[in-house]
Amino acid sequence: MDSRSLYAADYDLIREAETCLDEHFHPERHDVAAALRTESGEVYTAINVNSRIGNASVHAEPVNLANALRDGHTRFDCSVAVYYPDGDPENDPAVTPACGVCRELLYDYDVELDVIVMDDGDVRKASITELLPGR
């Protein structure tokens, strides 16, 4: 994967996601938060929504995307998701990769989007296209 260093705004985006996670964490219902920055710089944050029955869960990235689209945004700059390792809020939040379905969805809306990921133990960012082999 061809990853790049983060800018100051990227670290701010991570902090936005971490704040959302801190404010809304529930070990069985809301254990991942994400932040999405639009091309114009507006930031959307969301938590995942886990169903108690299992199949009706929604990840945080599609919630962010839907809210940004609702507000008229069509170009996106960067996305990140965070969680508490071991599901324990006593642990520092960590970056977690978008799942394959979320990657596909984000790609469908902006092929130039960057996603913050862990790369060999370092927080970096990569193009959504890099994260979808065969595209």
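Reader: Which rule defines a salt bridge here, and how many salt bridges does the predicted model hold by this rule?
Author: A salt bridge is a side-chain nitrogen of Lys or Arg within 4 Å of a carboxyl oxygen of Asp or Glu. The model is predicted. Applied to it, this rule gives a count of 9 salt bridges.

Reader: How many residues apart are Arg37 and Asp10, which form a salt bridge?
Author: The closest N and O atoms of Arg37 and Asp10 are 2.7 Å apart. Arg37 sits in strand S1 (residues 32–38) and Asp10 in helix H1 (residues 8–24). The pair links distant parts of the chain, with a separation of 27 residues.

Reader: Are Arg37 and Asp10 buried or exposed?
Author: Buried means under 20% relative accessible area, and exposed means over 50%. By that cut-off, both Arg37 and Asp10 are buried.

Reader: Which parts does the salt bridge between Asp10 and Lys125 tie together?
Author: The side chains of Asp10 and Lys125 meet at 2.9 Å, N to O, and both residues are buried. They are 115 residues apart in sequence.

Reader: What separates Arg15 and Asp12 in helix H1?
Author: Arg15 and Asp12 form a salt bridge at 2.3 Å, N to O. They are 3 residues apart in helix H1, so the separation is about one helical turn.

Reader: Which residues do salt bridges that share partners join into one network?
Author: Asp10 pairs with Arg37 and also with Lys125. The network consists of Asp10, Arg37, Asp77 and Lys125.

Methods:
Residues are numbered from 1 along each chain as its sequence is written. This is a predicted model: local features need pLDDT of at least 70, side-chain atom pairs count only at pLDDT 80 or more; totals for chains, interfaces and linings use all residues. Side-chain values use heavy atoms; hydrogens and water are left out. Helices (H or I, at least four residues) and strands (E, at least two) are DSSP runs, numbered from the N terminus. Buried means under 20% relative accessible area, exposed over 50%, partly exposed in between (1.4 Å probe, protein chains only).
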